[in-house]
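Here is a brisk structural report for modelling work.

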Amino acid sequence: MATITTEVATTARWDDVQHALTGGGDGASCQCLWPMLSNKDWNATSAPQRAELFRAEIEEGPPTGIIAYVDGEAAGWIRIGPRTRHARIPRTRIIAAASTEPFDDDSVWAVTCFVVRREHRGTGLTLELLHAAVEYARESDARIIEGYPVDTKGEKQRPNDLFHGTLGTFLSAGFALKTEMKPGRALVVLDLAAGSSPSRSR
């Protein structure tokens with residue numbers, strides 16, 4: 001049975017972050033900066049420039065996400081952090097209309113991106129990443145975590161369209177469905193002040 005471990009992203013783990021992002025799909029070109037940039041800034045940057053910006057962000061700290069390892073090899077990534085640092089979120093109309101949390105509140109965190117290498121997809125790694133992200137947010141005194149997952153309604157979708165995570169993954173991690181923002185996209189919330197997270201099972 002494979003051994004899954006997780007670590008926060010640091011400069012020393014930069015190569016692992018890149019390995020997790022470059023296992024197929026849009027991770028290599030996006031560099032997990034889509035949630036962090038406005039459309040104008042996104043369109044003005046190339047993939048190498050995004051990599052430079054991403055590395056600078058990790059070097060500056062605090063950690064912006066979690067790396068998952070399978071038997072010691074970097075296999076997946078999740079971005080989580082204070083929602084105030086995600087420039088795209090308040091500019092996204094469906095989120096701005098659905099969320100009731102103030103956008104200047106640093107205690108509100110957001111999960112905005114999942115990446116899993118092709119060879120590890122379908123193994124439950126996204127749930128492991130989400131559990132680790134929740135614990136990291138809790139230890140960092142977050143009050144609320146929001147997610148903006150895709151509701152697949154049981155239908156198969158392209159992996160590149162699921163970087164927000166799936167509704168089923170968030171519900172399995174104890175998040176509550178707050179509202180449907182538009183067909184196929186949901187707002188989910190985990191209130192960390194309300195109690196402990198559900199027990200984890202493997």
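## Strands and pairing

Strand β2 (residues 65–70) runs antiparallel to β3, and six bridges join the two. Strands are DSSP E runs of at least two residues, helices are H or I runs of at least four, and both are numbered from the N terminus. Two strands pair if DSSP finds at least two bridges between them. This is a predicted model, in which local features need pLDDT of at least 70 and side-chain atom pairs count only at pLDDT 80 or more, while totals for chains, interfaces and linings use all residues. Residues are numbered from 1 along each chain as its sequence is written, and side-chain values use heavy atoms, with hydrogens and water left out.

Ile 66 sits opposite Ile 78 of β3. β2 and β3 make a hairpin with two residues between them. In that turn, Asp 71 has a positive phi of about 50°. On to the next pairing: β3 and strand β4 (residues 108–116) are antiparallel over seven bridges. Pro 82 has Trp 109 in β4 as its bridge partner.

Strand β3 (residues 73–82) is largely enclosed by the rest of the structure, because nine of its ten residues are buried. Buried means under 20% relative accessible area, exposed means over 50%, and partly exposed lies in between (1.4 Å probe, protein chains only).

## Nonpolar cores

A nonpolar core is a set of buried Ala, Val, Leu, Ile, Met, Phe, Trp, Tyr and Cys residues joined through side-chain atoms within 4.5 Å. The largest has 29 residues. Ile 78, Ile 80, Val 111, Leu 130, Ile 145 and Phe 175 have the most contacts inside it. At least two residues of this core come from each of β2, β3, β4, α6 (125–139), α7 (167–172) and β7 (185–191). Helix α6 gives the most, with eight residues.

Contact means heavy atoms within 4.5 Å. Leaving aside neighbours within four places in sequence, the contacts of Ile 145 include Ile 80, Trp 109, Val 111 and Phe 175. A second, separate core of 19 residues includes Trp 14, Cys 32, Leu 33 and Met 36.

## Cysteines

How many disulfides are there? The count is zero, taking a disulfide as a pair of cysteine sulfur atoms within 2.5 Å. The sulfur of Cys 32 has its closest cysteine sulfur in Cys 113, 3.5 Å away, which is too far for a bond. Cys 32 is buried at 2% relative accessible area. Cys 113 is buried too, at 5%.

## Salt bridges

The whole structure has eleven salt bridges. Each is a side-chain nitrogen of Lys or Arg within 4 Å of a carboxyl oxygen of Asp or Glu.

| Pair | N to O distance |
|---|---|
| Arg 79 and Glu 57 | 2.9 Å |
| Arg 138 and Glu 135 | 3.7 Å |
| Asp 161 and Arg 158 | 3.0 Å |

Arg 79 in β3 and Glu 57 in helix α4 (residues 47–60) link distant parts of the chain, 22 residues apart. Both Arg 79 and Glu 57 are buried. Arg 138 and Glu 135 are separated by about one helical turn, because they lie three residues apart in helix α6. Arg 138 is partly exposed at 25% relative accessibility, and Glu 135 is partly exposed at 27%. Glu 101, Asp 105 and Arg 143 are linked in a salt-bridge network.

## Confidence

pLDDT is the predictor's confidence in each residue, from 0 to 100. The protein chain averages 93, and 96% of the residues score at least 70. Over residues 196–202 the pLDDT is below 50. Where pLDDT is low, the predicted coordinates should not be read in detail.
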